[in-house]
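Reader: I have a structure open and some labels attached to it. I would like to know what stands behind each label.

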Amino acid sequence: MSNKVHLGHTARKRFGQNFLTNESIISRIVGAIAPDNDHVMVEIGPGLGALTEPVAESIDQLTVVELDRDLVERLESHPFLKDKLRIHQGDAMQFDFSQLRQDGKKMKVFGNLPYNISTPLMFHLFEFAKDIATMHFMLQKEVVLRLSANPGTKAYGKLTVMAQYYCQVVPVLEVPPTAFAPPPKVDSAVVRLLPYEEKPWPCDDVEVLRHLCTTAFNMRRKTLRNNLKTLLSDEDFASLDIDSSLRPEQISVPQYVAMANLLCKKQAQI
C-alpha cells in the first residue's frame, strides 16, 4: 500500500503528542474523511504522518499545518510526501484558514488533535465554517460526547451549543488507547462536523451567543434566571416562552440563539 517511512521521532509531552499506529483504525478514519481532489484537503498536526500518507496517496495535493519544526523538516524531506504537501509551519490556533480556499473549492479539514488545544482550536475553526465542507477530528471521547450531547444530559454545555450552532455533529468511531503509541490514558473517538450551508437558527451576533453561553454555563447547578439575571429579565424569558427556572443544560440550541438575538436587539436600543 504505502511507501511507509517511519519518521523516528520521540513524542513530546508539551505538544500533547500520541501517535496513531493501528492500521485498520487508520483506514476506517481515512474512509470517513473521504479524500478527493474536489476539495482543498487540510490536515492539522500531521505528526508522524499516520493519516497524512494514506490521505495523500489518493489525492494530488495535501495542505498541512504543523507547529513542531522537527516534524516539518521530516515531512519536507519525506521521499513520498514531499512532492504532495503544502506545509504551513505554525500554530493552527492563529492560522487564517480562509487563505487556503481555492477557486470555488471548499476545505475538508481533519486531524488527530492534541487534547489540550482541541476545544479552542474548534472554536477558531468555526469562524471559517463557510469555507469548510467537512471536519473530521480524533478527540478525547469525552469531548466527542460533549459535542454531540442532547439537552438535559451532563455532557451538554457551551461547547455543545456553539458546535451545534455551526455544524451537524456525527460521532464516527471510538478508538481505544492501544491504537496509539504511547497509549494515552483516555479513550478517543472520531467526530464528523458538517458546517451548515444555511444555519437553521441564525444568530445576529455570534459573540453575543458565545458570551451568553459562557455566562449561562458558568454555574451549571443554578437556574437560568440566576445565571443570566444581569442580561435578561423575567419579561424577556416570558416573551421567548423560556422557563427560566430550568438549568442551563436543559435549554436547546435554538432557545440559546433566541436569547442571544433578543440581547442583540436590547443592546441596539441602548
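Reader: Is the crossing of α4 and α6 left-handed or right-handed?

Author: The crossing of α4 with α6 is left-handed. Bear in mind that this is a predicted model.

Reader: Why are α4 and α6 called roughly parallel to each other?

Author: Helix α4 covers residues 118-126 and helix α6 covers residues 158-166, and the two pack at an angle of about 30 degrees. Angles under 35 degrees count as roughly parallel, and therefore α4 and α6 get that label. Their axes are 11 Å apart.

Reader: Which residues make the contact of α4 with α6?

Author: From α4 come T119, F123 and F126, and from α6 come K158, L159, M162, A163 and Y166. By class, six of these residues are nonpolar, one is polar and one is charged. Lys counts as charged, so K158 is the charged residue in this contact.

Reader: What makes α6 and α7 roughly antiparallel to each other?

Author: The angle between α6 and α7 is about 155 degrees. Angles over 145 degrees count as roughly antiparallel, and therefore the label applies to α6 and α7. The axes of this pair are 9 Å apart, and α6 passes α7 in a right-handed crossing.

Reader: Which residues of α6 meet which residues of α7?

Author: On the α6 side they are K158, V161, M162, Y165 and Y166, and on the α7 side V206, L209, R210, C213, T214 and F217. The contact divides into eight nonpolar, one polar and two charged residues. Lys and Arg count as charged, so K158 and R210 are the two.

Reader: At what angle do α7 and α10 cross?

Author: Helix α7 (residues 206-217) and helix α10 (residues 253-269) cross at roughly 115 degrees, and their axes come within 9 Å. The crossing in which α7 passes α10 is right-handed.

Reader: How do the residues of the contact of α7 with α10 divide by class?

Author: Twelve are nonpolar, one is polar and none is charged. The α7 residues are V208, L209, L212, C213, A216 and F217, while α10 gives Y256, V257, M259, A260, L263, C264 and Q267.

Reader: How many cavities of 30 Å³ or more does the structure hold?

Author: The structure holds one. About 40 Å³ of space lies in the largest cavity.

Reader: What lines the largest cavity?

Author: Its lining consists of I29, I33, L51, F110, G111, N112, H136, F137, M138 and V190. Elements that give two or more residues to this lining are α1 (23-33), β5 (107-112) and β6 (132-140). By class, seven lining residues are nonpolar, three are polar and none is charged. Gly counts as polar, so G111 is one of the three.

Reader: Which peptide bond is cis?

Author: The bond from A181 to P182 is cis, with omega near -15 degrees. P182 lies in the loop between β8 (180-181) and β9 (188-195).

Reader: What is noted about the phi of A34?

Author: The phi of A34 is positive, about 50 degrees, although A34 is not a glycine. A34 sits in the loop between α1 and β2 (40-44).

How values were computed:
Residues are numbered from 1 along each chain as its sequence is written. This is a predicted model: local features need pLDDT of at least 70, side-chain atom pairs count only at pLDDT 80 or more; totals for chains, interfaces and linings use all residues. Side-chain values use heavy atoms; hydrogens and water are left out. Axes are lines fitted to C-alpha atoms, for helices over the stretch in contact, and angles run from 0 to 180 degrees between N-to-C directions. Helices (H or I, at least four residues) and strands (E, at least two) are DSSP runs, numbered from the N terminus. Angles under 35 degrees count as roughly parallel, over 145 as roughly antiparallel, 65 to 115 as roughly perpendicular and the rest as oblique. A crossing is left-handed if the near helix is turned anticlockwise from the far one by less than a right angle, and right-handed if clockwise. Contact means heavy atoms within 4.5 Å. On a 1 Å grid over the protein atoms alone, a cavity is a set of points where a 1.4 Å probe fits but cannot get out, and a pocket is an open set with protein on both sides within 12 Å along at least five of seven lines; lining residues have an atom within 4 Å of a point. Grid points are joined across faces, edges and corners, and a volume is the space filled by probe spheres set on the points.
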